[in-house]
Amino acid sequence: MWIVFAFGSAFFAGITAILAKCGIKQTDSTVATAVRTIIVLIFSWLMVLVTGQMDGIGSIGGRTWIFLILSGLATGFSWLCYFHALQIGDVNKVVPIDKTSTILTILLAFLFLGEPVTWASGVGIVLIGLGTFLMIEKKRTANAAAAETADGSGKTAVIAGKRPGRGWMFYAFGSAIFASLTSILGKIGIENIASNLGTAIRTCVVLVMAWMMVLVTGKTGKVHEIQRGELAFICLSGVATGASWLCYYRALQIGPASVVVPIDKLSIVVSIIFSRIVFGEKLSARALAGLILIVAGTMVMVVAA
């Protein structure tokens, strides 16, 4: 049953990236993260109430509280990095890098949870790593084209100071690192409590952290500047995230982290399909080969589980 929850998490996570991208065209990514966290929080606590798990709060031990809080902080940092990367970079470039958290999670699960690194995990790590490398190829974008001018020989020359930045890559890798920490800390934090309750509690931490970032960066005034259309997409992305979390942490609770996490990362397929439909982002032959390798590596882990 945990496999069903893991695939459900992948689907909703894939939709989240697209909805979020639509909601941060004009809206600051930090502000959008704070707003959408409110939706995730409401969604999470509604599920706790519906499943009658509210009484479990009183039985939560100190160790569990610590890991839930740490997991929430890691999630907050991951979100801030991820959605800023989405705002300034292409979906089909940011998402593959974010999914490298699979590799780090497997290694951390081995070190801290005692989950074995099997031959399937080894093969999966190699395929996913190689696939990611192929997918983050340098791509000539519209911005790059605008920064170029033709010289007398018909060749193009980049105008000084106009070379496109790659700051999105820094944030994408930051998202991956914090996402892997989230998985391990979350796995430990929900060992002795209901997964829905654990998700709701850690979302409270994310909410506090997200709004603190808005205050610290002086962006509170931008909250009122959010366009109605983008606000709708931000809220929908929050709902999708809530659904993804509920599936993900239920799968983590009853299944091995070293397999649940790779399945969840198949959300890359959903994101890329919809990025092609919604944003017209195309994959080159090299990037497509990379995607195939990532999916193949993930499926090797799943089948061998």
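**Starting with one residue**

In which helix does Met213 lie? Met213 belongs to helix H9, which spans residues 195–216; here helices (H or I, at least four residues) and strands (E, at least two) are DSSP runs, numbered from the N terminus. Residues are numbered from 1 along each chain as its sequence is written, and side-chain values use heavy atoms, with hydrogens and water left out. The model is predicted, so local features need pLDDT of at least 70 and side-chain atom pairs count only at pLDDT 80 or more, while totals for chains, interfaces and linings use all residues.

Met213 counts as partly exposed because its relative accessibility is 29%, where buried means under 20% relative accessible area, exposed over 50%, and partly exposed in between (1.4 Å probe, protein chains only). Leaving aside neighbours within four places in sequence, Met213 is in contact (heavy atoms within 4.5 Å) with Thr30 and Leu80. Met213 and Leu80 are 133 residues apart along the chain, and their C-alpha atoms are separated by 9.1 Å.

**The chain as a whole**

Stepping back, the protein chain has 13 helices and two strands. Of its 305 residues, 52% count as buried. Among contacts between residues at least 6 apart in sequence, 88% join residues at least 24 apart.

**Nonpolar cores**

A nonpolar core is a set of buried Ala, Val, Leu, Ile, Met, Phe, Trp, Tyr and Cys residues joined through side-chain atoms within 4.5 Å. The largest one has 53 residues, and those with the most contacts inside it are Trp45, Tyr82, Leu86, Val94, Leu252, Val260 and Ile268. Helix H2 (residues 29–50) gives the largest share of this core, seven residues. A second, separate core of seven residues includes Ala74, Ala109, Leu185 and Ile188.

Leu86 is worth a look: apart from neighbours within four places in sequence, Leu86 is in contact with Ala17, Lys21, Ile24, Val91 and Val94.

**A cavity inside**

On a 1 Å grid over the protein atoms alone, a cavity is a set of points where a 1.4 Å probe fits but cannot get out, and lining residues have an atom within 4 Å of a point. The structure holds one cavity of 30 Å³ or more. The largest cavity is lined by 26 residues, of which Ala13, Trp79, Trp245, Asp264 and Lys265 lie nearest its centre. Elements giving two or more residues to this lining are helices H1 (2–23), H3 (62–88), H8 (167–189), H10 (228–254) and H12 (267–279).

Note on methods:
On a 1 Å grid over the protein atoms alone, a cavity is a set of points where a 1.4 Å probe fits but cannot get out, and a pocket is an open set with protein on both sides within 12 Å along at least five of seven lines; lining residues have an atom within 4 Å of a point. Grid points are joined across faces, edges and corners, and a volume is the space filled by probe spheres set on the points.
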